[in-house]
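Please look at the model below before reading on. The report then goes through some of its features.

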Amino acid sequence: MDLLAQVPPESFWSQASGSSGLYMHVAIALIVGIAVMFGLMNAPTRLRRPIVVGLTFISGLFYVLLYFWPAPIARTPGTLPVSTPDAVGFWLSDALTVVANFSSILSGFLLGLGIYSLVRIHGRKIAKQQKDWGFSAVLMASMVIMIVFGYGDWISKLGANGPKMDNQANWGFVNYARDFFFDGMLQQMDAAMFSVIAFYILSAAYRAFRIRSIEATILLATALIVMLSLMGAVEFGWANAIGQNPPHGFGENFTLTSIKTFIVDNVQNPSLRGIDFGIGIGALAMGLRLWLSLEKAGGTA
Amino acid sequence: MKPETYQLLKLTFGVIATVGLYTVLYKENKFYRFFEHVFLGLAAGWTLVAIWTETLYDSWWSKIMGSTGAANGYWAYALLLPIGLMGYFVFSKKHNWMSRIPIGIILGLWSGQQIQVWWKRYGPQLADSVKPIFPSTTSSFTVPGGSKPTPFEAAQVYPSQAICNLIFVITLLSVLSYFLFSFDLKNRFLKNSTTMGRWLLMVGFGAIFGSTVMMRFTLLIDRMYFIWIEWFMHGLLHKG
Amino acid sequence: MRHLANLRRALPALVLLLILGGCGVDPANPPAVGKQYVDTAWVGPFMTFLLVVFVLINISRAGRGKDLYIRRIAGLNAIDEAVGRATEMGRPVLMVPGLSDTVDAIAVQALNVFAYVTKLAAKFGNPILICCYNAAVYTVAQEITRDIYQSEGVPERYDQDSVRFISDRQFAFAAGVSGLIQREQAAATFFLGQFYAESLIFAETANAAGAIQVASSTQNTQTPFFIAACDYVLIGDEFYAASAYLNRQPVLVGSLVGQDWSKLLVIGLAIIGVLANSVQFRGGMVSEEKKNAVTHQPLAEPRPMGLGDTFVNQMLKPQAPKIKIDRPIDPDAPKKKDEG
Amino acid sequence: MDPTNLSLAEKLQSLPKSALYIILFVATSIPLFFTIPIPNKESKASIDFYQEVQKVPEGSTVLIASDWTNATRGESAGEYKALLRILMRKKVKFAVYTTADPQAPQASKDVIRFINDERVAAKQKPYERWTDWVNVGYFPNGEGATNSIASNVRSAFADKKDFSPDGALHPVMESPVLKNIQKVEDFPALIIVTGSNTSNVAIERINSLPILLAVTGVMGPEMNVYYTSGQVKGLVTGLKGVYDIETLMQKDYPDQVNLDNGAKYYPTLHLALVVLIVTVIIGNLGMFLGRKRSEA
């Protein structure tokens, strides 16, 4: 239990950093882990599903407990629980920050698979000199460049060097290279690709926003009102036209902003809420099915 | 190399890359393909850097090793490595089932949270949705504007508000009814309310479309500013 | 269904736990535990619990072979047509299971639908392309695809490279996928799952390539763009109904019915709440108020009634009582972070 | 099909994409070279945001979540600049943290440097790191971090360091900016400038102090829910919001630099939106003409 809670510093689970004891434990842990892995490799077929199901259930159970188990009231740091349920509550809330990282760590280890897929596909293209293999080569090259300079830059900024690296005057080639490829290229390309959407909006709107059906008309009309209300000049002009500048009295309800606000507050918010309730319940049910492994991932069971 | 020169170089390549990606708007071409692959390569490389420097180094490695002399190392974190590696069995014909172990754990953790967060997220929204739909006063149709309303006036539901609230509630309910799947829509009332639900959804979506357009266009404008003003005017012509 | 049986056995314990806290807490002599059950906070866990029960009951109902109705969902009937057309043209079917940060129910749900698509494609011997944003999702997709080709009895048609990891950087992914769509000239594209800004990039590129598109985003902000650019769009919850609709697995159908019960519960609550509020909130003054879960009455001078004073609001918005519990001091307490 | 023998209706309905794109490209480029004053009517949400910021007492420290990067520079940078200008003129200290992206702190630092240069040029005292503002830095696990900030900000920031004038790293909590902060309520406000949905995370977990939001246009509708329900005290949405704030600043600080990204981009946005609306109208016009023909 100390493992997850990580409360008392000295225990079987934790060793002083840099101590030989720590390295030994780490080594043992790795060996054990790998041993278990090979053990699993020839686990009998009928055991396989139970193993997966069990692990899934246990990892889900943590959050479920965290939610349903009566949580300690008015807890202050550095105090002891007064009862067993209280103690469990303490442990759960302590363990949260530890467990919270597990999935990101695990998916971190899985990343290699993705990169393997990339390297496999483009590596083969290059090797077989298939069509467009040059581009694959470009991809590989830029990947390697980014890795080299990325890590070079990171190492150069580790520990004590950090402060002075904040000043561009102390930069070395590595730092410049990383800055060039990351800030100069990658980030700019992000922004470029993001802004391409504007063009696509134009063509999509031109093609799709035809007054064919009631639905399309409603969509178009609302979009139009909102867009107009976003154009200060139009808004201003309209307000003048209906003598609402400065706004006063009942007529104020007919300025573009008021109309927009009315739509947003009384139709958009509830309709989005309606969708969200549904999505939320769907996610809950799906979560439940996965947690209890009621359906096999892929629905091919 | 002088900092200014470096800056200009950096800007210039940024512009070239931007234009390169824009060419896809005309049609998929070699220029775009080149920058697409540069983009993918750099991104993949950066992912491999960031996964260690941003995630694993902090939340895994330094936990094992104990970040600084004072702290302790929790060696058991090392056990996560073999579990993660089991994912790599996915390509083995015989043992691919083992890849489900890390996936199962990740999924389990995610599912548990869904059960945990549901009410946290939607409870308050429900509480905010139950609005009074009967006016509590008829002294005035709309909220008395102009001078600041007295606390008593403020605590009233005026007919206009009541109407708005009614619209709100009707929208919510009809949209919800649209998402009922397991009921045969023979019932006339239910049929109508779902149709209406769909129309009201469209109003909502239209409003979203409108305000999203603003953002997308702004980002494009910002790119253009980057190209024309920051690079062309300031960078090349040293104007402004 | 075996696990279900186990769970049913576990239910009484859960119920007990709820009742234990469910009665709320008297601030005068508080227990040490039950933060989430203090005042009316127990409503939350109780509602969640109800939903869970609804889903499980219906799953077991469906499991007992009771056949349950699902209404027609337009976007999903298009799938067969889309795949069929792709086969005629001999061009690939391209699928994107969204941009979830790790493998979650949304991605899995998308993959469930794609499993159905892949089955069709495998039958017709049509090439497929699944573009993944996340390595964990890639792993699942890879395995599912292999399973399908085996279960369809055409393992030789399975190509490891038909499932690809593109990038886990949003716009690099967008650039890569739209490049693929145009180079491979996809004839049918399926964008299901979590999509953000890039949704329109995909949709428009696919449209330019003349592909039939079936799309759905769990992000409301993106749905309008899919509506504008795609042929068939699953709105909101329809996405979660999809797999049940396609392969009528009892588990899925049952849980779908359970979800409907839950929605009815929410609708019911809303109606009751609205009516109760409207009846109770008639303006006027109040002479007692509830602060920090304690009811003070009578007030020094009556004040105008606020929405917060109505019964429904006090049910749905629990208050935090000021409770002090003197716990023993931990002798060897390290200076550690206090997790909230 | 061969465009020559197309009827007008068909032509109107099938404008080539490339033409549309070129028009938009031009429409978003030309106005950038000119400064066109646009009359404006500030939205209530923006006014609330501005007034809430104005309420912050001089010399106190606000907490800023700067959760945007280069990708949403167009909107977020404008919001952030305007915000910092106001804070600096009111001599309010600020601590910047992010839960969104490792690059976010860099983006925020660049803006601060930019505005400091501006102040130096205007013969004003630049804002000193560590004494006037601190960079708390990036928290990988957003939910967890926000939780611990809400429950105990001192311990949440405990192992975060920033540069003091002596060029070495010191715990941010020792800085003049944060040394008086005991709990999160000691901040008069939490101001979130974000391009991702980190705002929901904060709103769901921090409710003990006023929250102000400056979000991108796409998030506006979502966040408006929290604004109407009062969970958020002020809301600046996208470019319109930026321009609102800048025009409001014009009224209070007439003799200083107020008009920036908002004023630069807003006219262009008008033209772009007009282009969009006109193309939609043309499309529908073509459709109606086509209908008439087929009916006749």
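Predicted model: local features only at pLDDT ≥ 70, side-chain atom pairs only at ≥ 80, totals over all residues.

Residues are numbered from 1 along each chain as its sequence is written, chains are lettered from A and ligands numbered from 1 in the order in which they are written, and side-chain values use heavy atoms, with hydrogens and water left out.

**The sheet of chain D**

Chain D has an open sheet of six strands in the order 3-2-1-6-7-8, and the pairing is parallel. Helices (H or I, at least four residues) and strands (E, at least two) are DSSP runs, numbered from the N terminus. Two strands pair if DSSP finds at least two bridges between them. Strands of a sheet pair through backbone hydrogen bonds, either parallel or antiparallel.

Which strands stand at the edges of the sheet in chain D? They are strand 3 (133–138) and strand 8 (234–237) of chain D; each has a single partner strand, so one side of each is left without a neighbour in the sheet. On average, neighbouring strands of this sheet are turned by 15° against each other, direction ignored.

Strand 6 (residues 190–194) and strand 7 (residues 211–215) of chain D run parallel and are joined by five bridges. Within this pairing, D:Ile191 has D:Leu212 in strand 7 of chain D as its bridge partner.

Helix 5 (residues 104–121) of chain D lies across strand 1 (61–67), strand 2 (93–98) and strand 3 of chain D, and runs at about 160° to strand 3 of chain D. For such angles, axes are lines fitted to C-alpha atoms, for helices over the stretch in contact, and angles run from 0 to 180 degrees between N-to-C directions.

D:Thr198 is part of helix 8 (residues 198–205) of chain D. D:Thr198 counts as buried because its relative accessibility is 11%; buried means under 20% relative accessible area, exposed over 50%, and partly exposed in between (1.4 Å probe, protein chains only). Apart from neighbours within four places in sequence, D:Thr198 is in contact (heavy atoms within 4.5 Å) with D:Asp67, D:Thr99, D:Ala100 and D:Ile192.

B:Leu109 sits in helix 4 (residues 100–129) of chain B. With a relative accessibility of 4%, B:Leu109 also counts as buried. Not counting residues up to four places away in sequence, B:Leu109 touches A:Ser59, A:Gly60, A:Tyr63, A:Val99, A:Phe102 and A:Ser103.

**Chain A against chain B**

How many residues of chain A are in contact with chain B? The count is 130 residues of chain A, in contact with 126 residues of chain B. The two chains bury about 12000 Å² between them, 80% of it on carbon and sulfur atoms. Buried area is the accessible area (1.4 Å probe) that two parts lose on being put together, summed over both. On the side of chain A, the residues that lose the most area to chain B are A:Phe109, A:Phe135 and A:Phe277, together 6% of what that side buries.

The rule finds four salt bridges across the interface of chain A and chain B. A salt bridge is a side-chain nitrogen of Lys or Arg within 4 Å of a carboxyl oxygen of Asp or Glu.

**Salt bridges**

Over all chains, the structure holds 36 salt bridges. Some of them are listed here.

| Pair | N to O distance |
|---|---|
| A:Arg273 and B:Asp128 | 2.8 Å |
| B:Asp222 and D:Arg73 | 3.0 Å |
| D:Arg73 and B:Glu230 | 3.1 Å |
| D:Asp260 and D:Lys81 | 3.3 Å |

D:Asp260 lies in the loop between helix 10 (238–252) and helix 11 (261–295) of chain D and D:Lys81 in helix 4 of chain D, so this pair ties together parts that are 179 residues apart in sequence. Both D:Asp260 and D:Lys81 are buried.

B:Asp222 and D:Arg73 are both buried as well, whereas B:Glu230 is partly exposed, with a relative accessible area of 23%. Elsewhere, A:Lys131, A:Asp132, B:Glu28, B:Arg33, B:Glu36 and C:Arg183 are linked in a network of salt bridges.
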